Amino acid sequence: MTASDTPAESAVTRLRLAIDYLRGLQDVAQPTQQPELASAGVARSDEVAEWFRKRLLAAPGTYPQTLLFLVGAPGNGKSAVSAAIRHGLESADPSRDASLHYRLYRFRSSEGNSLLVVNDATMRRAMSPGAARPSLRADIRSCLEEGINLQANVNRGIVFDELVDREDGTESDSHAAHVLRWIHNPDEVDQNGPIAADRERQHALRTAVMKSSGVQLVAVYMDYYSLFEEQPSIESEDLTTLPKYGSKYQLQPLNFDTRASWSYWNKTPAGGFVQKVSTYIKGCELSQEDLRRDPLRANLESLTSERFACGLLASLRAFELVTAHKVPYRRLIGVLGAAVATKSRGQEQADEHPCDWVQRLSQTTDDKRKELENFIDLGNSRSHQVLFGILSNPMRAGRSPQSEVVRGSPLTAVDPVCDAVHGDFKLTDIDSGWARPITNAFQTAGLTDIEADSLLSLVCEDPLVGSDFVTPFEEELDRVITGCVGGGADGLLPAEERSRVLAWYHDYLCRLYALSHGIYAHRVWLHRYVQTWNTLSRAADFTRLDNDLEKRLSELILPKVRTGDGTGIGPYRYLTVLTPRTAAIEEFGAKSQVVAKMEGLRVMGRTLGDFIELRLAVGDNGGSHTEARVNLDFSLLCEALVCRDGLRGVTARTNAESPRLERFRAAVLVGLRRQPNAISVVSRSGATVQEHILL
Amino acid sequence: VSVADADSGNPCRALVLFNAPDHIHSAEFALTQIVHSRWKIDDLKWDGKVIFRPKSDQGHDESRYSTYPTRSSEKRWGRLVVEVRNAFPSLATDADAERVADALEAELSGLRIERQRSLVATPLSPALTMLQTPAGVAGRDNPVKIDHILEDMYELGGGEWGDVAKRYTDALNHLRSADKYVERIDSVVETGLLPAPLEAKNPTRSGESSGVGQIPNSPFSWFHAAWKTITEEDWVEALPARRWIEWCGAVARLAYGMGVLWEAHWYVAIADALREGTAVTEQSIWEGCNNYKTLPWRTGPDAYGNDVWREYRKTNIEAALVRTFLKKSAAKDQPFQSVVDKAHRSELVSQAVDTLLEDIDKRVGMASQGVSMSAEDRIDAVESALKERPVSEGDPDAYYLLRETGKTRSKSIFVDPSTEIAAVVASLACEHPGGTTTVRDVAEDFRDLGLRRDNLEAELGKVLERAGLCRRAHDADGSEDVSCAFAPVRDV
């Protein structure tokens, strides 16, 4: 469906159609229903698909037999890419019911090349009683035996399952098993085996050749790179050679200026997708006059705003980095659907269409309290509220003076309200504050007991803010809220309730302002993470971190002990010996302690996909070492960045980080068991530290 | 009503798996009992309540003898200081040795669990374990014989009765040779704090084997495999001494709690068979128990909705009633099959069990009245083993499967495995330190233990990821690699 197909219906009908369009996008897995969205360019799989398709359309025998595997979780766009490959090919099973999903499809190109498509390798139920259970390995085997090209959509679980199945002793089954092993881990291929694999470590596109037959294998790992980053380009389109990346995957710095426009985002798969959706909504020509009391219509309006949509994409990318989990297409679609059409309340009537729900709540009433309560519910259905977590309605809330998230969402992890730094937003400065205009407006209003006509106008009057991020819905919401809490309300709300409403409204405006400006929580730390990643990605393997980060990580993992007078840092690191948790001692106390002593700690890093892996090593030159590998994810980075001058800071993530760090310290302790002079007893008296070696 | 011949009086062994499960004081308590089944001290005091140290905030209890001296008990303190200097010749003065003695008191103490009257010594070696007796630790004359119950469980899992203690004490001996510091403090304790040398003894079994045979895919089979693994020498060497002891304690706690819960389902399953008059075999009963899975792991937003306390409370109350009924009415040494066959032919038995259990829901609702001591003991056994133990100070309990929230009427106990208990189960699923396994295999172990949940792999994957042992992938369906938490130390 495209915007131009939208029938010239009433504004209400068009709204409903647009909402239903977004709610129904999940069906994109059936690509025929949304062909305009089928350009899933993740890891350049679309270009690889085109390369594969062109080979199929050439005369038989022109190119070697090719097996193409799209590997990844459901919702990554495999089906869309697969559909593009087989588009226009002649089905070898024309009598099949087209409305049903099958595991296998057979096609033939006009030139006579055969193609077997394993549409869903997870479908492993036998087709009839007594029949053999289908398996990807059997499919690969039959393709190898019959010389047929193969395109298979695979998830890792299936590969693993079939790897442990016993081989039947035939050569083709053994080769098929080797292909599965290669898909499972293309970096660890037996050089003496039947497969010659490429050495493109840390790439989403991997290739190999079967030594005996020359059959070519291509695998695209659909979730290796983020949808929110520019994908590396394919080097050449020469059909005789295997596809290969001509550039490196990089993380774009999180600067506001680069990430605030479509010109950046439409180079990324997610950005291209969201822009298409945004363009479609624009084409619906929703009338402005009906926006005032309808949050869903305001949501659609926001999504057509470049700044808002880019802010949404930036927040989703931030979510990926904070949680170390990728957002696949299916989740992105779910987020868009939720951002536009979520009922913040009234789940008891699950089948009530969101438009009807809005219609019911937006009726005018003489009961001002009820009207405010309903309007806050409607406000909670605005995209920014749904995305960062729906807040409790202060008209029904408990005793807490703050708004609480009552229904979280993935983006709650980057809710800008939890990181509302005072200051003025600067497009070119990641470190700038941003919340001043809103905080000031509420402080002013609080001081004068809200004599001002409108809180929103106080915010928008600020020259740094402007009013282009608000919709008519916000103006109506502001009118209702100011009418109930302002000077003219004449004690309509008790003081406590009034302050709760103001707190909710403050958070509401903060989130809207932030999302429209690409602001999310933890941006300074995330920026540092991306910088570190990009520095490390330049080296082929483990390399040094920058001095500051290395120092802070060392202070976090194995800090040096402070001197007796507490004014400086000593030369050694100490661990407790018999405590349940192996702790690094930061300062000696008056009580005697048995401790294990060590010197150097070296921290190196390398990139793996979007992640950073650290190699930690302890030991003196030439001596015994303890080595461990730990993922430097966002949580660990935060913990490290709050360390300063040998002192550890504490963040909300401290508890999450402690198990793996503590385990590394425990491993170091085991290594010290072999070292002479490592165990001593230490006590401190005033500024004097006494240490006696025990072993 | 009797389910056996009229001359009954003693329990049919096949119907009683474990002897009176009760509160487990601490993981260290279980390990202390295991060591005491193979070693003894020839001293009258060691027949009673011997403790490591009283808790400073508890009043002095004359009936308990404290093995770790204070500086005020000059003679004993002096003997300790001499032995410290002997063990560590690098110490130049008595004052230095006193510092070590001071430090040892704190470092040898186990977890400081709330409301417990004494500090427990970490059982790092046989001599260190002898710094306390089970009666001293438990604060009662006849504490529950956890060592026997664990041996019974190990046997049900496919092991040999007595091997729990044998393997553990052998491993302790290996720890002493692998860790010089442990070896030295062991000698300090043996010569400086104990009144006599340790003497070996053979564990004695009270009663016959249940004769039930091996039960695969159960908490017992997991315990058998895990205990064999953790007591291997490579595992002793791969972990810090204290951590290895903690892991042993965690394995014992987990097996004990889940095993007792499994046994409760065993009685309930027998009762159901008697009530319904269905023909059953011993195997069909335990297969039913295995398939049922005793503990549902729910993670809904409402803590009350995730509660498992009401479920296992009811199961244990029912189990205690059935067990008492069977003990009274079944004949000694009568085979299981004979008992159930006779019972299921008897309408009277069916009615009797019906009557016994008719007001079970009412009983569950009562706080304590209407619930037998043995039922409360069973519930206490499960909770004390599996639930997070609050500590009064120092390091927290890191090895729990259940957590509690709310108070009294709004109390909810729910499944929430700690990262460390997940790390223990996952690591022991690897064959050797430094090995790998998969989320699916770890989930299988948790299922054997009795955890019930659809798509257990996904939820467990989250815990293992928090523990830093795996990285989840959406499409892996549990095939993600899980690393062992500890690897052998190697020279680089």
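These legends describe close-up views of a predicted model.

**View 1. Chain B as a whole.** Chain B holds 20 helices and 14 strands. Both element types are DSSP runs numbered from the N terminus: helices are H or I with at least four residues, strands E with at least two. Of the 492 residues in chain B, 57% are buried. Buried means under 20% relative accessible area, exposed over 50%, and partly exposed in between (1.4 Å probe, protein chains only). The accessible surface of chain B is about 19400 Å², with 46% belonging to carbon and sulfur atoms. Accessible areas come from the Shrake-Rupley method with a 1.4 Å probe; for residues, only the protein chains shown count as cover.

View 2. A:Glu662 sits in helix H22 of chain A, residues 654–672. Is A:Glu662 buried or exposed? A:Glu662 counts as buried because its relative accessibility is 5%. Leaving aside neighbours within four places in sequence, its contacts are A:Pro580, A:Arg581, A:Thr582 and B:Arg243. Contact means heavy atoms within 4.5 Å.

**View 3. The A:Arg581–A:Glu662 salt bridge.** The two side chains meet at 3.8 Å, N to O. A:Arg581 lies in the loop between strands S13 (569–576) and S14 (593–598) of chain A, and A:Glu662 in helix H22, so the pair ties together parts 81 residues apart in sequence. A salt bridge is a side-chain nitrogen of Lys or Arg within 4 Å of a carboxyl oxygen of Asp or Glu. Both A:Arg581 and A:Glu662 are buried.

**View 4. A salt bridge between chains.** B:Glu420 and A:Arg581 meet through their side chains at 3.8 Å, N to O. This pair crosses from helix H18 (residues 419–429) of chain B to the loop between S13 and S14 of chain A. B:Glu420 is buried, as is A:Arg581.

**View 5. The salt-bridge network.** Which residues are linked in a network of salt bridges? A:Arg581, A:Glu662 and A:Arg663 are linked with B:Arg242, B:Arg243, B:Glu246 and B:Glu420. Over all chains, the count comes to 67 salt bridges.

**View 6. A salt bridge within chain B.** The side chains of B:Glu263 and B:Arg378 form a salt bridge at 2.9 Å, N to O. B:Glu263 lies in helix H11 (residues 241–276) and B:Arg378 in helix H17 (residues 373–386), so the pair ties together parts 115 residues apart in sequence. Both B:Glu263 and B:Arg378 are buried.

**Notes.** Residues are numbered from 1 along each chain as its sequence is written, and chains are lettered from A and ligands numbered from 1 in the order in which they are written. In this predicted model, local features need pLDDT of at least 70, side-chain atom pairs count only at pLDDT 80 or more, and totals for chains, interfaces and linings use all residues, while side-chain values use heavy atoms, leaving out hydrogens and water.
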